[in-house]
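Let us walk through this structure step by step.

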Amino acid sequence: MRSIFLIVFLSLALPVSSAWSADATVRMWAANCQVCHGPQGKSQGAIPSINVLTPEQIKTAIADYASDKRHSTIMGTIARGFAPDRVAAIAEFLGKK
Amino acid sequence: MTSKSINASRRSFLATTTALGLTATFPLIGCGQSARVVVVGGGFAGATAARQIKLLAPDIDVTLVEPNKTYRTCPFSNSYLAGLQPWETLAQGYGGLAKAGVGVVHDRAVGLDAKGRTLKLASGTSLPYDRLIVAPGIDFRWGKGITADIAETAIPHAWKAGPQTQLLHKQLRAMDDGGTVILCPPPNPFRCPPGPYERASLIATFLKREKPRSKLLILDPKAKFSKQALFKEGWAQHYGDMIEWLGPDDGGAPVEVDPKTRVVSTDFEDFQGDVVTFIPAQKAGALADSLDLRDEYFWCPVNLLTFESKRQPFVHVIGDAAELPGMPKSATVANTVAKGCAAVVVALLNDQKPAPPMTTNTCYSLVAPNHGITTTGVWEATETVFHPLSKGISPLDRPASHRQKEADYARSWYTNICADVWG
């Protein structure tokens with residue numbers, strides 16, 4: 001019985017495509033946005049929804065917050081914490097398709 | 001990946017492993033279906049981890065173990081104390097997680113068989129796991145005249161939202177106008193660093209409205225506290241001299257509390273309170289002791305890149321109980337750490353190297369119902385510390401419109417994080 005468990009596990013432990021990990025990483029980064037902007041980026045209340053923005057609009061907004069071109073309460077600080085390549089990946093994941 | 005492709009790979013791998021005669025260097029997965037993750041603790045951290053694993057990898061079997069059917073959030077419990085929202089608004093249930101495919105078991109974890117990778121429950125049931133995630137929350141280091149019994153009946157800490165929060169609410173309403181509320185914050189580190197000062201603020205909101213001749217005295221063992229300048233600015237603006245803060249240099253560090261007379265003694269003076277809320281020094285929740293996850297410094301040491309316990313292999317510790325140098329013990333950190341941990345666990349179960357967890361803190365406090373303030377930060381884990389990528393705090397001397405905006409954002413944050421965790 002024990003050996004059956006082992007074999008079953010070993011088959012699951014086979015490395016799958018490397019894209020899997022990249023996908024999980026981008027989702028993990030994007031999950032940092034969803035804590036305030038809501039599940040799937042759909043917010044209730046005063047915080048804006050971000051699921052209605054295109055990836056391009058998200059990238060522009062984050063760049064403008066990071067440079068303080070666009071005034072914010074906390075988004076300037078948050079935006080400066082994410083490197084542009086990460087912002088681009090998050091924007092593709094969260095933005096309106 | 002479809003179930004068909006998993007089955008195909010299982011078959012081919014079965015042949016390979018048999019041929020190679022491979023044995024047990026890999027973790028065991030029970031009952032031959034899918035990887036099993038058990039999460040213990042249904043607060044901000046645990047409930048988030050359970051849901052996120054299911055979102056990332058629907059094939060993984062996720063079970064959440066939580067004794068209570070209803071969770072009451074500490075965030076916004078100060079608004080309840082102020083009479084700004086009813087008790088029921090702090091309640092969260094587990095139906096949303098069940099709908100998301102998480103198996104919810106209302107039971108208490110009592111022990112661990114680390115070798116057999118099995119969690120023992122109070123009911124006698126055992127749950128096998130491939131990875132265990134534990135979110136023990138906090139417990140208290142009693143002393144200075146305060147015991148668990150005294151906290152429950154006379155001097156509430158109300159630092160886990162529950163009956164003590166309701167007791168404090170009742171005591172505030174029973175107090176005569178002109179009375180003194182004494183609030184004793186804990187020493188560092190503790191759950192929600194600005195929380196005691198938000199509590200002072202919102203109790204003052206209540207007093208100003210209903211018992212305007214009353215005072216609120218903060219007797220603090222710390223010389224500095226979170227968002228100090230912002231709180232002091234707001235207190236002067238909204239409450240005049242109603243709130244007085246004494247730190248250790250002002251003779252304010254509490255030494256002893258007499259629960260019968262409600263006198264709080266410091267090295268220099270005795271202070272008579274009518275209502276006293278004393279928040280004791282803290283440590284990882286009792287669950288951390290049952291599962292042997294805590295060290296002599298009161299918290300649970302973990303590998304910062306994986307949140308795996310330094311004391312128990314295949315067990316991850318998240319939430320306020322985890323020792324995460326550089327990060328505050330806030331609900332948002334609990335949520336983003338849990339998401340990082342979910343990504344790590346899913347990667348490890350797929351035999352992949354996880355990316356370093358990236359976490360965010362957005363910590364709102366209300367100085368008054370229309371006056372919000374924040375601290376914000378973004379971090380990335382390294383082996384030794386959570387490295388700050390950016391940090392910020394609300395500026396001083398901002399117009400009322402800015403404070404109003406942050407108060408509105410605070411309420412929206414609460415709704416959204418609760419939907420993200422339990423919804």
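Helix 10 of chain B and helix 11 of chain B make a left-handed crossing (the near helix is turned anticlockwise from the far one by less than a right angle; clockwise would be right-handed). This is a predicted model, where local features need pLDDT of at least 70, side-chain atom pairs count only at pLDDT 80 or more, and totals for chains, interfaces and linings use all residues. Residues are numbered from 1 along each chain as its sequence is written, chains are lettered from A and ligands numbered from 1 in the order in which they are written, and side-chain values use heavy atoms, with hydrogens and water left out.

Helix 10 of chain B covers residues 331-349. Helices here are DSSP runs (H or I, at least four residues), strands are runs of E (at least two), and both are numbered from the N terminus. The axes of helix 10 and helix 11 of chain B come within 11 Å and cross at roughly 30 degrees. Axes are lines fitted to C-alpha atoms, for helices over the stretch in contact, and angles run from 0 to 180 degrees between N-to-C directions. The two helices are therefore roughly parallel to each other (under 35 degrees; over 145 is roughly antiparallel, 65 to 115 roughly perpendicular, the rest oblique). B:Ala331, B:Thr332, B:Asn335 and B:Lys339 in helix 10 of chain B meet B:Trp413, B:Ile417, B:Asp420 and B:Val421 in helix 11 of chain B. Contact means heavy atoms within 4.5 Å. The residues divide into 4 nonpolar, 2 polar and 2 charged (Ala, Val, Leu, Ile, Met, Phe, Trp, Tyr, Cys and Pro are nonpolar, Asp, Glu, Lys and Arg charged, the others, Gly among them, polar).

Now take helix 2 (residues 44-56) of chain B. Its axis and that of helix 11 (residues 400-421) of chain B come within 8 Å and cross at roughly 55 degrees. That makes helix 2 of chain B oblique to helix 11 of chain B. Among the residues in contact are B:Phe44 of helix 2 and B:Ile417 of helix 11.

Helix 7 (residues 195-210) and helix 8 (residues 228-239) of chain B pack at about 0 degrees, with axes 11 Å apart. That makes helix 7 of chain B roughly parallel to helix 8 of chain B.
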